[in-house]
Amino acid sequence: MNNRVFSDRHLNKINQKLLLLGSNDNRALPYLTLKTVLIFIPCVAAMFVSIYGLILAPFIFIFLYFYTDYIVIYREIRKRKIKLEKDGVLFFKVLYFNYINNRNLKVALKITTNNINNDLSKEFKKALDETNLGKSLYDALNDLEKRIPSNNINAIITNINEAILLGNDSEELLKKQIYYLELNEINFQDKMISKIPIKVAIAFIFIILPILLVILSLKI
Amino acid sequence: MYKINYINFIVMQTIIVISIIFLLIRLIKLLIANRYNKKFSAFVYSDVSTVDHSLEAKIASIIKSFIVAISFILNKLHLFKKRRQKYDCYLFINNYYLEQNIDFISVRILLNIIIILISSIFLLFSFSYYNLAIVLLFIILINVVTHIILIRYLRYYRKLLNKELLSVIRTINNSLSVGLNITQAINIAAKRCNPLLNQELELIVSDLNNGISIEKAFNRLYNRVKTDEILYLSSILSVLSKSGGSIQNTFEILEEDYDKKIKRQRSVNNLLLPYRFIFNFLGILPLIFFTYKLITINDLFIELFNSLYNTILVMLLIIYNVCYFIIVNNLMEVTKHE
C-alpha cells in the first residue's frame with residue numbers, strides 16, 4: 001500500500017472501517033481519491049459566488065473532509081450494527097435448535113445458513129465458503145469477527161470458536177447469549193419510544209402549524 | 001362571482017325529483033311484497049333454489065359483471081403483467097368482487113370511470129361549482145384512499161395472525177402430546193381458529209395432502225403473509241426435517257417464545273397508546289379549524305374551488321397533512337423488522 005498522498009496508517013484505518021460495512025477488497029484508496037475530488041467542487045463554486053468565498057473555501061473543505069466520513073462510514077456502521085443484532089436473534093435461535101438435535105456445529109451452521117436469508121447469514125456463508133478453499137473453520141470465524149461491528153455477536157462467535165478448540169458444550173452459552181441479544185433489542189426499543197414525543201413535536205411544528213396559519217388567515 | 005344558470009338548475013332538479021319518486025314506488029312495492037311473504041310463509045313450502053332474487057344481489061351482480069369485463073381486457077395487456085403481482089399479498093381478502101389479483105386494478109379503474117361520468121353529467125348542465133380541478137382532486141383522492149385502505153387492512157391482518165398464532169401452536173402442541181400426526185394436528189387447529197386464519201391453515205393441509213413437504217408448505221405461507229413469527233416457524237421446521245429430532249419439544253419451546261413475544265408487544269402498545277391518541281388529535285386540528293371557517297364565512301367553499309391557483313393550494317395542504325400521518329405512523333412502529 002505505498003502511496004505518495006495518503007499515509008499507510010490512514011489507509012489501514014479506513015480499510016478496517018470499510019471491512020465492517022461488509023466489503024471484501026481494499027477500497028480505501030479509491031474512496032479517498034473520489035472524496036477529495038468531489039469535495040473540491042463546492043469549494044470552487046463558493047469562490048465564484050462571492051468575494052467572501054475565498055475566505056470560506058478552506059473552512060468548507062475542512063468541514064466536508066471530516067463530515068463525509070461520518071455520513072458514509074460511521075453512520076452506516078451504526079445502522080448495520082442495529083440491523084445485524086435484529087437478525088442475530090432469529091439466526092442464533094435457529095442455530096440453537098439445530099445444535100440441540102444435531103450436536104455438530106459445522107453442519108448446524110451449514111443448514112441454518114441455507115435456510116435463512118439475512119445479512120448475518122450471508123456473512124456466515126462467506127466464512128463457510130472460505131473453508132472449502134482450505135481455511136480451517138477457526139480461522140474463518142476469526143476473520144468473520146473483523147467484518148461484524150457489534151460486540152454482542154462477536155462474543156457469540158468467540159464462544160463458538162472456543163467450543164471448536166476445546167470441545168466443550170456450547171448449548172447453555174448460546175442460550176445465555178440469545179437472552180442478552182433479546183434484552184439488547186428491548187432496550188433499543190425503549191430508547192426509541194422515549195424519543196418519540198420530541199420527534200413528533202418537531203413534525204407538528206414544521207407541518208401542522210403552517211397549515212393552521214394558512215387556514216386562520218382565510219378571507220374573502 | 002359565479003352566476004347560477006337557473007334554467008339548467010330547474011332541469012337538474014326535475015330529473016332528481018323524478019328519480020326519487022321512481023325509487024319510492026319501487027320501495028313501497030318491495031315492502032308490500034315482504035309483508036305478504038311474512039303472512040303466507042307458514043303455509044307454503046320453502047323455495048329449494050339457492051338463487052338470490054333480492055335487489056341488493058342484482059346490483060352486486062351488475063357491478064361484478066363490469067369488473068369481470070375490465071379484468072378480461074386487462075389480462076390480455078402486457079403492461080399490467082408486473083403490476084398485477086404486487087396485489088398477490090392482498091388475495092386473502094376472499095371477497096365476492098375480488099377473486100383474482102387483477103380485479104384490484106379493475107376496481108380502481110371502475111371508480112375512476114364513475115367519477116368521470118358523474119363529472120361529465122355535471123358539465124352538461126354546468127352546475128354552479130363545477131371545475132376541472134375538483135375532478136382531478138377527486139381522482140387523486142380516491143386512488144390514494146384505496147391504497148391506504150389496502151395497506152391498513154394488510155397490517156390489521158398481520159397483527160391478527162400474530163395474535164392467533166399462539167393459540168394455534170398451543171392446540172398443535174396439545175394434539176401432538178396426545179399422539180396425533182402433524183397433519184391431523186393442523187387440521188384440528190384449523191377448525192378452532194379465526195375464519196381469516198382458517199383459510200391459510202386449510203391451504204397448508206391441502207398442500208400436505210397433495211404431497212408437498214412440511215417445510216415447503218410453511219415456506220409458502222411465509223411468502224403469502226411475510227411476518228417475522230412465521231419465518232421463525234418455517235425455518236425451524238425446515239431445519240428439523242434435515243437434522244432430525246422431536247417435534248413436540250420444539251413446539252413446546254416455540255410456545256414459550258411466542259408467549260414472551262406477545263407479552264412484549266402488548267407492553268409496547270400500552271406505552272405508545274397516549275402518544276398515539278394525542279398526535280392523531282393534533283393531526284385532525286386543521287380539519288376542525290377549517291369547518292369553523294366554513295360555518296362562519298359565507299361562500300368560502302365556492303371561492304376556494306373557483307380558480308386553479310386556490311385549488312392547487314388546497315390540494316397541497318391536504319397532501320402536506322397526509323404526510324404528517326405517514327411520518328407519525330412510521331415513528332410509532334418500534335418493533336417492526338427491516
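In the predicted model, helix 8 of chain A meets helix 12 of chain B through residues of both chains. On the chain A side, the contacting residues are Ile196(A), Lys199(A), Val200(A), Ala203(A), Ile207(A), Ile208(A), Ile211(A) and Val214(A). Their counterparts in helix 12 of chain B are Leu317(B), Tyr320(B), Asn321(B), Cys323(B), Tyr324(B), Ile327(B), Val328(B) and Leu331(B). By residue class, this helix-helix contact comprises 14 nonpolar residues, 1 polar residue and 1 charged residue.

Two packed helices are described by the angle between their axes and the distance between the axes. For helix 8 of chain A and helix 12 of chain B, which spans residues 308-332, the axes come within 10 Å and cross at roughly 170°. Because angles over 145 degrees count as roughly antiparallel, helix 8 of chain A is roughly antiparallel to helix 12 of chain B.

Across the interface between the two chains, 31 residues of chain A are in contact with 39 residues of chain B. On the side of chain A that touches chain B, at least two residues each are supplied by helix 3 (53-102), helix 4 (105-115) and helix 8 (171-216) of chain A. Helix 8 of chain A provides the largest share of that side, with 17 residues. In composition, the side of chain A that touches chain B contains 23 nonpolar, 6 polar and 2 charged residues.

Within chain A, two domains are assigned, domain 1 covering residues 8-79 and domain 2 covering residues 82-187. Taken over C-alpha atoms, the centres of domain 1 and domain 2 of chain A are separated by 34 Å. Contact between these domains involves 6 residues of domain 1 of chain A and 5 residues of domain 2 of chain A. Helix 1 (8-20) and helix 3 of chain A each contribute at least two residues to the side of domain 1 that touches domain 2, and the largest share of that side, 3 residues, comes from helix 3 of chain A. The residues on this side of domain 1 of chain A divide into 3 nonpolar, 1 polar and 2 charged.

As for the confidence of the prediction, the complex is given an ipTM of 0.74 and a pTM of 0.74 by the predictor. The average pLDDT of chain B is 85, and 94% of the residues of chain B score at least 70. Where pLDDT is low, the predicted coordinates should not be read in detail.

How values were computed
Residues numbered from 1 in each chain as written. Chains lettered and ligands numbered in written order. Predicted model: local features only at pLDDT ≥ 70, side-chain atom pairs only at ≥ 80, totals over all residues. Contact = placed C-beta atoms within 7 Å. Helix = DSSP H or I, 4+ residues; strand = E, 2+ residues; numbered from the N terminus. Nonpolar A, V, L, I, M, F, W, Y, C, P; charged D, E, K, R; others polar. pLDDT = per-residue confidence, 0-100. Domains from an automatic or database assignment. Axes fitted to C-alpha atoms, helices over the stretch in contact; angles between N-to-C directions. Parallel < 35°, antiparallel > 145°, perpendicular 65-115°, else oblique.
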